[in-house]
Structure formats: structure tokens, C-alpha cells
Amino acid sequence: MGYWKGKRVLVTGACRGLGLVLTRQLLAQEARVVIHSNLTPLPNDELLLKAIENGQAIHIRADLCSVDETLQLMAAVDEHFDGLDVLIHNAGISAHGSFMETTSATFRQVIDTNLSGLVALTKAALPSVIKAQGSLFFISSLAAIYGVPNYLSYSISKAALVPLQEGLELELKPYGVHVGLVYLGFVENDQVKYALNTVGDKIPVPQRKIRTKISKDRAATKILWAIEKRKRKIFGDFSGSLMWLLKMLLPATLRMALNRNQKR
Ligand SMILES: NC(=O)c1ccc[n+]([C@@H]2O[C@H](COP(=O)([O-])OP(=O)(O)OC[C@H]3O[C@@H](n4cnc5c(N)ncnc54)[C@H](OP(=O)(O)O)[C@@H]3O)[C@@H](O)[C@H]2O)c1
């Protein structure tokens, strides 16, 4: 029997981007999926609609910046699936602009979504995940390895997931819970991807021309593999391992590269 068959999985931010691809892969492997989203409606996707129709999946809306909505989300998950095996923290937002120009409200919105919201959901999900001896999985970023100029709220929020993973992994070891994290590199964008500007308006993120970017399918496959194998920390691709090695062995070189990139 496949690892994912019958597993109850909550994917946050599951109606677009990487979250949608994770969801499709999970459904194809017969997992039972809670398809979460906030603003994006359920896509008109045959696989998802069929899964909802036959009870393999449910769609629940919640703003992860709201503790009340987060608690309601977990209550609905428990009611529908009678517990949870795996929580994949995929939802996230980034903001672009200098530290000087970014308003405190915009900074807070990124931290609230990527960190405080994630912590609240983790706490709400913990009793169910402990009962199932399941997994918590965090999607971090290369921006966690070094503070990226003009993306500092994002860098900080993603960097904070590293000690969170490390400490939680040890705290939850006696309960048989796996806690993992990926340092994800550049992944191909959806057409609809957006980030915040300095004052919190949504601005479209253009398709990236970065050579090292990987497909959403590849990123999702790697994440599901890491959960199945109960890996603690993985890199999404070679660029992540390289950046991490540079930070450890040649931090000045990494700093110079980021400085040069910023001046472009
Ligand atoms: N793409 C990359 O190159 C890359 C690289 C490194 C790490 N990552 C991380 O990988 C994850 C997925 O990336 P992506 O590119 O697929 O992201 P994306 O296309 O920008 O989608 C972001 C998702 O987060 C959800 N979300 C945002 N704010 C929310 C809130 N307040 N409450 C609930 N959900 C919220 C959105 O849901 P709604 O649309 O329903 O509001 C959406 O589904 C993110 O955590 C991102 O930081 C991505």
C-alpha cells in the first residue's frame, strides 16, 4: 500500500501555486486532503471537484492571520476527518521594498501570515498530529539562509522557521511526531502570484527568468518524499545547498554576491 493512501493531510494555501500541485499529487496518491485557501476560490479542477464529491477532500476557507479562523479551520478538520496525520504549512506571502520604506503594518502582515499564523495553526493541530504520530512540515526558503535586501520581512519570517523546526522536532520526538523543513529555492510561478509592496498593496510577481528555478511538480514531489521519509531538513535543489555551504564556509563571498545582485 502507498504511504499516502488514506492519510489525512491539511495543505494550507492549496488553491493555487505550489499548494495546488501538492494537493493534486496527494489526491492522486489517495490521501484525504483538507484543501485550505483564504481568498482564492476552489479551482475548477476535475480531480479536486471529484475528490470533494466523493468525500476524499474538503475545502475550508480561513485567514491564517486570524486566530479565530485558524481555530475554526482545525475544528472543521477534526469534525470532518476525525483527526489529522500531516500538516503542510504551504501558505505564505512576501513583500518587496527597502526596510526604510516598508510600513510597520506591511512588515507585520508578512510576519503574521508566515510565522504567527503558522504557530497558531501548529498549536491548534498538535493534539491531532500527536495522536496520529504524524508530521508537521514547514516550507522555508533560501531567504532564510541570509537576510535578503529588500525582502527582509520575508527573510525573517522564513528564517524563524528554522529554530522552530529544530526545537519542535526535539520537543515532539517523545510523542513520535516528525517535524521537517525545506529550504526551497526558486519555483516556477503561477500567473496569479502576487507580493506586497512597501505599503501593503498587492503587486503581481512576473514569471521568473531564473535559470535555477524548478517546476512546481518537482518541488511538490520532493516535499512529499521528505515527509514520507521523515526527513528533518532538506534543500529544494542544488542552489539551496550551495547557498548554505557558502554561508557556512565563505560568508563574505555570499555577502558580496547578494550585494552585487542588489545593485543591479
Ligand atoms: N515560489 C517560490 O519560488 C518559493 C520559494 C521559496 C519558498 N516558497 C514558499 O513556498 C510556499 C508556496 O509558494 P507559492 O509560490 O506557491 O505561493 P503563492 O503562489 O504566492 O501562494 C501563496 C498561498 O498562500 C496563501 N495565503 C497567503 N496569505 C494567506 C492568509 N493570510 N491566510 C491564508 N492563506 C494565505 C494564499 O491563499 P489565497 O490565495 O487563498 O489567499 C496562496 O494559496 C510559500 O510559503 C512560499 O513562501 C516559494
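**Close-up 1. N38 and its neighbours around the ligand.** In this predicted model, a backbone N or O atom of N38 lies 2.7 Å from an oxygen atom of the ligand. N38 is also among the closest of the 28 residues that surround the ligand, together with T40, N90, Y154 and R208.

**Close-up 2. Two lysines at the ligand.** Look here for K158, where a side-chain N or O atom is 2.9 Å from an oxygen atom of the ligand. K193 also takes part in this view: a polar atom of the K193 side chain lies 2.8 Å from an oxygen atom of the ligand.

**Close-up 3. Helix α4 against helix α5.** Residues 104-132 form α4 and residues 152-159 form α5; their axes are 9 Å apart, at an angle of about 25 degrees. Because of that angle, α4 is roughly parallel to α5. The two helices cross in a right-handed way. On the α4 side, F107, V110, I111, N114 and L115 make the contact, and they meet L152, S153, Y154, I156, S157 and K158 of α5. By type, the contact residues are seven nonpolar, three polar and one charged.

**Close-up 4. Helix α4 against helix α6.** Moving on to α6 (residues 161-172), its axis and that of α4 come within 13 Å and cross at roughly 15 degrees. The pair is therefore roughly parallel, and the crossing of α4 with α6 is right-handed. From α4, the contact uses N114, L115, L118, V119, T122, L126 and I130, while α6 brings L161, L164, L168 and L172. Nine of these contact residues are nonpolar and two are polar, with no charged residue.

Conventions:
Residues numbered from 1 in each chain as written. Predicted model: local features only at pLDDT ≥ 70, side-chain atom pairs only at ≥ 80, totals over all residues. Heavy atoms only, no water. Axes fitted to C-alpha atoms, helices over the stretch in contact; angles between N-to-C directions. Helix = DSSP H or I, 4+ residues; strand = E, 2+ residues; numbered from the N terminus. Parallel < 35°, antiparallel > 145°, perpendicular 65-115°, else oblique. Left-handed = near helix turned anticlockwise from the far one by under 90°. Contact = heavy atoms within 4.5 Å. Nonpolar A, V, L, I, M, F, W, Y, C, P; charged D, E, K, R; others polar. Near = heavy atom within 4 Å. Polar contact = N/O pair within 3.5 Å; in protein donor to acceptor, adjacent residues only side chain to side chain.
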